[in-house]
Amino acid sequence: MTEDSKLINDVANSEYKWGFRFISAKKNEPEWLLEWRLRAFRHWQTMTEPKWPNVHYPVIDFQDIIYYSAPKKQIVLNSLDELDPEIKATFDKLGISLEEQKRLAGVAVDAVIDSVSVKTTFRESLAELGIIFSSFSEAVQEHPELIKKYLGSVVPHTDNFYAALNSAVFSDGSFCYIPKGVRCPMELSTYFRINSAGTGQFERTLIVADEGSFVSYLEGCTAPMRDENQLHAAVVEIYAHTDAQVKYSTVQNWYPGDKNGKGGIYNFVTKRGICAGNNAKISWTQVETGSSITWKYPSVILKGDNSVGEFYSVAVTNNYQQADTGTKMIHLGKNTKSTIISKGISGGHSNNSYRGLVRISPQSNKRTKFLSVRFILARR
Amino acid sequence: MWRDTFPYLEVNNRTATVEHEATTSKVGEDQIFYCNQRGISTEDAVGLIVNGYCKEVFNQLPMEFAVEAQKLLAISLEGSVG
């Protein structure tokens, strides 16, 4: 092999094949972010897939995943009426009309369809309060200093196999910043959908709550019925400063596969928040009913003194679904407190595990209430 | 079928208080029987019992999500009993 063809071969088989430059160029990303992706990718290549979760699935061919897919038409919308009729039909089928959501619930929706945010509503009224709520790629363009400061500050690219993969190839997601002392007047909501066949979705969500602020964030997921396995490896990072409060709620009902366990979404998600300042509070609430496999541990690092972490979870599995889910509460600050309430409901041939860690460091003294409950549905 | 818990507790501080409890149970036959007697189908009864069991968590959800979650739960469990 000549030197040239070897070079081309190397390139084709390594980073380029994964489309970093493609994603980066397409999104017009700054050089430092491309470097960040490449650093994550190089680290990911040295890692092995975790085998400790109590779930079983065929080997994933990571080369076979389409790492970036966008709706064919790039549309700039002035109003919701201009929304692609097909996308609108999808919303209607799911019983979620954006207008209704907008008018009735007063929820700003950042609809993520196939990785690119199509429409963000309520931005202006939020902007008046100094709240930034936008797609991740927009935030990279408009607020690079915030992204640079907080990206990877809670979940570093070295954290775990799927977080590293996400860091390398994440397509889009949401960014939210609540300035000092602001109480976000509405619930912020993102709808995630997985629309095109064989598309791995690598969403990245970053929420920063500055001193004394409050925000309630909703994440709801639905996906159309589909035959093949779809990998979803998202990362959610929450950074809470002194006296800040963040409430993060998820209802997840992705396609769980059929009665014989065929198809369904692989949901390998890393979610973590840090109470960086004193008296901060982070609360996770999740209702997990979908996905063929759920691998998810929303965690809180209680670094500030008197900080509070909460985890409320319902995980439902039926047929051949598998779930290995729980939380980690890392107590570092003084008088930190955490509550864990985890409920599992399982039917059919499903597997359902709770896996959690409560770590209390020597310098912290605190009260922790930890409660885990399991529940089984009997098959007659 | 597995239903497992893996609770790891690492307490490196004497002044800390940590409580933990775990229970595993079935939907009570007598609870279902009670509902059946009053004209509530087994499927509906399971929905009621499970929703009651999850109330503690659902109460933490914003209103519109809580309603959606209850419906979801019932749909997810269809066909798991009977």
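Start by selecting A:Gly263, which is buried at a relative accessible area of 8%. Buried here means under 20% relative accessible area, exposed means over 50%, and partly exposed lies in between (1.4 Å probe, protein chains only). This is a predicted model, where local features need pLDDT of at least 70, side-chain atom pairs count only at pLDDT 80 or more, and totals for chains, interfaces and linings use all residues. Residues are numbered from 1 along each chain as its sequence is written, chains are lettered from A and ligands numbered from 1 in the order in which they are written, and side-chain values use heavy atoms, with hydrogens and water left out.

**Stop 1: the loop between β10 and β11**

Stay on A:Gly263. It sits in the loop between β10 (245–253) and β11 of chain A. Helices (H or I, at least four residues) and strands (E, at least two) are DSSP runs, numbered from the N terminus.

Next, select A:Asn260. This residue also belongs to the loop between β10 and β11 of chain A. Is A:Asn260 buried or exposed? A:Asn260 is exposed, with a relative accessible area of 65%.

**Stop 2: two asparagines with positive phi**

From A:Asn260, go to A:Asn319. They are 59 residues apart along the chain, yet 7.0 Å separates their C-alpha atoms. A:Asn319 lies in the loop between β15 (308–317) and β16 (322–325) of chain A. Its phi is near 50°, a positive value in a residue other than glycine. A:Asn319 counts as partly exposed, at 22% relative accessibility.

Then pick A:Asn279. Find it in the loop between β11 and β12 (281–288) of chain A. Phi of A:Asn279 is near 60°, again positive in a residue other than glycine. Relative accessibility is 37% for A:Asn279, so it counts as partly exposed.

**Stop 3: A:Glu288**

Move along to A:Glu288, in strand β12 of chain A. A:Glu288 is buried, with a relative accessible area of 2%. Which residues does A:Glu288 contact, leaving aside neighbours within four places in sequence? Show A:Thr250, A:Gln252, A:Asn267, A:Thr294, A:Lys296, A:Val314, A:Ala315 and A:Val316. Contact means heavy atoms within 4.5 Å.

**Stop 4: the nonpolar cores**

Select A:Phe62, A:Phe136, A:Ile147, A:Tyr162, A:Phe175, A:Leu231 and A:Phe268. Of the 42 residues in the largest nonpolar core, these touch the most other members. A nonpolar core is a set of buried Ala, Val, Leu, Ile, Met, Phe, Trp, Tyr and Cys residues joined through side-chain atoms within 4.5 Å.

Colour the elements of chain A that give two or more residues to this core: α3 (31–45), α7 (136–142), α8 (144–150), α9 (161–169), β4 (172–178), β6 (203–209), β11 (265–275) and β13 (293–296). Which element gives the largest share? It is α9(A), with six residues.

Zoom in on A:Phe136. Not counting residues up to four places away in sequence, A:Phe136 touches A:Ile147, A:Leu151, A:Phe170, A:Asp172, A:Gly173, A:Ser174, A:Phe175, A:Arg204 and A:Leu206. Another core lies apart from this one; it has 32 residues, including A:Val246, A:Ala280, A:Met329 and A:Ile340.

**Stop 5: all of chain A**

Zoom out to chain A. It has nine helices and 20 strands. Of its 380 residues, 64% count as buried. Among contacts in chain A with a separation of 6 or more, 83% are between residues 24 or more positions apart.

**Stop 6: across to chain B**

Select B:Phe6, in strand β1 (residues 3–11) of chain B. B:Phe6 counts as partly exposed at 26% relative accessibility. Display A:Asn54, A:Ser353, A:Tyr354, A:Arg355 and A:Gly356: B:Phe6 touches each of these.

Finish with the whole of chain B. It has three helices and three strands. Along the sequence, the pattern is β-β-β-α-α-α. The C-alpha trace of chain B spans about 55 × 30 × 25 Å along its principal axes. Buried residues make up 34% of its 82 residues.
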